[in-house]
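Reader: I have the model open and would like to learn how to read it feature by feature. Please pick a place to start.

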Amino acid sequence: MTGPPVPHDAMPTMHCGVCDTDVPAGAFCGTCGAHLSAQRGNGRGVLRPGAYAGAPGEHVLRLSVASSLFPHLPHRSRAPFRVALAVIVLTLIAFAFLRWQAPLIAVSALGLPLLFLLYLHETDIDDDLPASSLALTAALGVGLGVGWALLTGSIVADSYDVALSGGASQGYSIVEALIPAGSAVLMVLPAVVVRLWRPGTRESLDGFVIGALSAIAFVAAATLTRLAPQLATGPTAQDQPVSELLAEAGIQGVAMPLTAAAAGGLIGVALWFRRPAGMDRRPAVVLIGSSFIVVLSLYVALGLSEASSFANGFHFGLHVLVAIVALLALRIGVQAALLHEAHDEMNPGTQVLCSHCDHVVPDTAFCPNCGVATRAASRTARAARRTTEDIGVPAARPGYAVPAGSYAVVPVRHTTHTGLLTALGAGAAVAAAAAVTVSVLATPVVPRYVCPPDCGEPPIGKPVETNPWFMSSDGRFSVQYPRAGTAYEVRLEPDGVDVNFTAGDTGTMQFFGLPARGRTSKQIAEDLIGEKYPDATTDYEIPNAMVGYQPGYGVVKDEYPQDASGTFTRLRLLVMVAIKKNYALVASAIGPYHEFSPEFGSGHPSGVNMQLALDMGKYVNSFIWRDNSRR
């Protein structure tokens, strides 16, 4: 504390027209937070947008990650956290350019969660809230995240097989679009459970901590579960383009955690909001309802965007836009809660040090100088400011809205750059080392292929398989296709055949025709691929490619598509095109990458490295151009 209390009548006061009380003279009302100087309207309105209640000098709609996600921090402690956020981003970029896949996955999933835990420690929130509540929240979030990732994994995998001519496996698109909505509900469920336990304290920023921790734990667990299979491909990803790794790092390590923390925190603020005695119940109901609608709408919009294929850069930009909207929605929710919730009983005759503007001010609900809510600090920090015991070396601070003079106060403990970055770096290093170790142990040894005897046997002596024939509706071509059965699902279209391989690695084949319109075989192939897979990268072109024994063009490409949560997988795309009579016949296949080895595949070694391609040759050779004038 700063010394003996000063009688309230010895302190200059002003009348606040908003709450109709006499308060210490200053820029802001210490009771309701309204502007006491001449302002348009009533000086506060519903949100007091010009002065954020969690940080001095900031507009409510200012995009500030540090003051939004770390509202309990003293003003000077936010700079180290801003630097820490920048270090996480730069580390992800460096790992992406180096193609260090395992460390990239570890830091993407655990970077922001680790920083949030350091925030809880630095602000003494881990002393404010029961350890059982924090542990229960994190445990439920991790469990739900792992379970949801495992449950939806097969649906996401099936949605990757998008056919070039418009679409096998499109039945999963709507279901996949709803996966983010399910994530939005499940990631805040732990906060709802903790709230139903009726916690002993009800402060809106306590709810923010529980909600944000719930969502962060859920997303981190789901990310690690979805990306764990990539660890089995090696600590590095030399074959994966840097652009895909950058997009993955930006989505998984930056945009998604920020969105989750903001959305979960907003729900927590609404659940923990406690209206003052005698206040109408409707504002609290509106705050809770609107928070749920905002969060659900953001995730539904993100999921619906997955119905169309687009470049990774646009995909990343969409995630960043959603994160920005979520952060702004959080700031609006925090502002509304801090301005309108019930506050502690204050004693304006006692002076305390404001940890934001560094002035000695009366002990009121809002700082008369900078307008920051007193509750924008942990209860432990607030109690330390009001203590009557001298702790450490007192420092002289100027007074505001108190009798003139310089006051000896206990300094506010601030986070240092060195301490925070050392702790964050140590945690990230441990996580990265663990991921590299797991990756090394999980990556299979590259098999040695000896030919012979590993070439397989020629098909001599095997019975000739008879397959059904397809004739296009315009009579321009015909082609054989596999019989529908346990391994294939066949759908006949007017211009071709869609074949869904349901066994083994799964995948999709297509055999169709289209007018060449003066284009070359290569141009047609690139146009088809560019429409569905704009970020596919060429692995190699097939020499002397033939379709129906007609010379043409063939290419094998790699694609790393991602779902609404930003999860990538490696796909192989094979496209072959030949032209005759200005009409192009196309054979395509797409499926998971699977390296050919003595244990995988039969017959001659395949450079395509895709299980479906091993059965594709006989259908490609069966293409026949027909003369539709005879029909």
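Author: Let's start with two charged residues, Glu58 and Arg331, both of which are buried. Buried means under 20% relative accessible area, exposed means over 50%, and partly exposed lies in between (1.4 Å probe, protein chains only). A word on ground rules: this is a predicted model, in which local features need pLDDT of at least 70 and side-chain atom pairs count only at pLDDT 80 or more, while totals for chains, interfaces and linings use all residues. Residues are numbered from 1 along each chain as its sequence is written, and side-chain values use heavy atoms, leaving out hydrogens and water.

Reader: What do Glu58 and Arg331 form, and how far apart are the closest N and O atoms?

Author: The general idea is that side chains of opposite charge can pair when their charged atoms come close. The rule here asks for a side-chain nitrogen of Lys or Arg within 4 Å of a carboxyl oxygen of Asp or Glu. Glu58 and Arg331 form such a salt bridge, with their closest N and O atoms 3.0 Å apart. This pair links distant parts of the chain, 273 residues apart: Glu58 sits in the loop between β2 (21-24) and α1 (65-69), and Arg331 in helix α10 (residues 312-340). Helices (H or I, at least four residues) and strands (E, at least two) are DSSP runs numbered from the N terminus.

Reader: How many salt bridges does the rule give?

Author: The count is 18. One of them joins the side chains of Arg379 and Asp206, at 2.6 Å from N to O. Arg379 belongs to helix α11 (residues 379-385) and Asp206 to helix α7, so this pair ties together parts 173 residues apart in sequence. Arg379 and Asp206 are both buried. They also belong to a network of salt bridges that links Glu203, Asp206, Glu341, Arg375, Arg379 and Arg382.

Reader: How many disulfides does a search of the whole structure find?

Author: In general, a disulfide is a covalent bond between the sulfur atoms of two cysteines, and the cut-off used here is a pair of cysteine sulfur atoms within 2.5 Å. The search finds 0. For Cys32, the closest cysteine sulfur is that of Cys29, 3.6 Å away, which is too far for a bond. Cys32 is buried, with a relative accessible area of 6%. Cys354 is in no disulfide either, and the nearest cysteine sulfur, in Cys357, is 3.6 Å away. Cys354 is buried as well, at 5% relative accessible area.

Reader: On to the strands: how many residues of strand β16 are buried?

Author: In β16 (residues 583-592), 9 of the 10 residues are buried, so the strand is largely enclosed by the rest of the structure. To find its neighbours, recall that two strands pair if DSSP finds at least two bridges between them. Strand β11 (residues 507-515) runs antiparallel to β16 and is joined to it by 8 bridges; the bridge partner of Phe511 is Ala587 in β16. Strand β15 (residues 571-580) also pairs with β16 in the antiparallel sense, over 10 bridges, with Lys580 opposite Tyr583. β15 and β16 form a hairpin with 2 residues between them, and Lys581 in the turn has a positive phi of about 60°.

Reader: Which residues does Thr123 touch?

Author: Contact means heavy atoms within 4.5 Å. Thr123, in the loop between α3 and α4 (125-128), touches His72, Leu73 and Ser378, leaving aside residues up to four places away in sequence. At 5% relative accessibility, Thr123 counts as buried.

Reader: What does the chain look like overall, in helices and strands?

Author: The chain has 14 helices and 17 strands, and 52% of its 631 residues count as buried. Of the contacts between residues at least 6 apart in sequence, 67% join residues at least 24 apart.
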